[in-house]
Amino acid sequence: QLQLVESGGGFVQPGGSLRLSCAASGFTLDNFAIGWFRQAPGKEREGVSCISSSDGRTYYADSVKGRFTISRDNAKNSVHLQMNSLKPEDTAVYYCAAGWLAMFPTVQTMCVMTSAYDYWGQGTQVTVSS
C-alpha cells in the first residue's frame, strides 16, 4: 500500500519547537517533490515548505522563512520539517505530500500546485498557544 504518514505534531507554547516527520511506505521518495502544507480552520490550504528529492532544492513560504527547515532522510525514506520559534498563527493541520518532480516547473511551484501531488498524508495537528 502506497502511503505517507505524518508524525510529530502536538501542543507547544509560542517560541517553542516541533519536528514533523513524513514517512513514505510502498514507494521511495526518489524523483519526487515533497511538500509540507497546512490548513487552519476557515482558511485555504497553503504551501509551507517543499523540497526536490533529486537535488535538494528547497522553498519556504515567507511566513516561515528563517524559522522552519525542511530536510530529507534518504536512509529512512522520510522528510522532516523542523519548526522553531513557533507562533500562534502557525496553528493548523499539517500535511505532507509527494508528487512526481516532472510535474513541477520550478521548486516554488511545488508549494503552489497542490493538484499535482499524487500522495497525501492524513495530517497532524500543530497547536501553538500560551
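1. Which handedness does the link of C50 and C111 have, and with what angle about the S-S bond? The link is right-handed, with 120° about that bond, and the two sulfur atoms lie 2.1 Å apart, where a disulfide is taken as a pair of cysteine sulfur atoms within 2.5 Å.

2. Please keep in mind that this is a predicted model, in which local features need pLDDT of at least 70 and side-chain atom pairs count only at pLDDT 80 or more, whereas totals for chains, interfaces and linings use all residues. Residues are numbered from 1 along each chain as its sequence is written, and side-chain values use heavy atoms, with hydrogens and water left out.

3. The C50–C111 pair links distant parts of the chain, 61 residues apart, since C50 sits in strand β5 (residues 46-52) and C111 in the loop between β9 and β10 (119-120); strands here are DSSP runs (E, at least two residues), numbered from the N terminus. C50 is buried at a relative accessible area of 0%, and C111 is buried as well, at 7%, where buried means under 20% relative accessible area (1.4 Å probe, protein chains only).

4. The other disulfide joins C22 and C96, whose sulfur atoms are 2.1 Å apart, and this link is right-handed, with 65° about the S-S bond. C22 belongs to strand β3 (residues 18-25) and C96 to strand β9 (residues 92-100), so the pair ties together parts that are 74 residues apart in sequence. Both C22 and C96 are buried.

Definitions and conventions
Helices (H or I, at least four residues) and strands (E, at least two) are DSSP runs, numbered from the N terminus. Buried means under 20% relative accessible area, exposed over 50%, partly exposed in between (1.4 Å probe, protein chains only).
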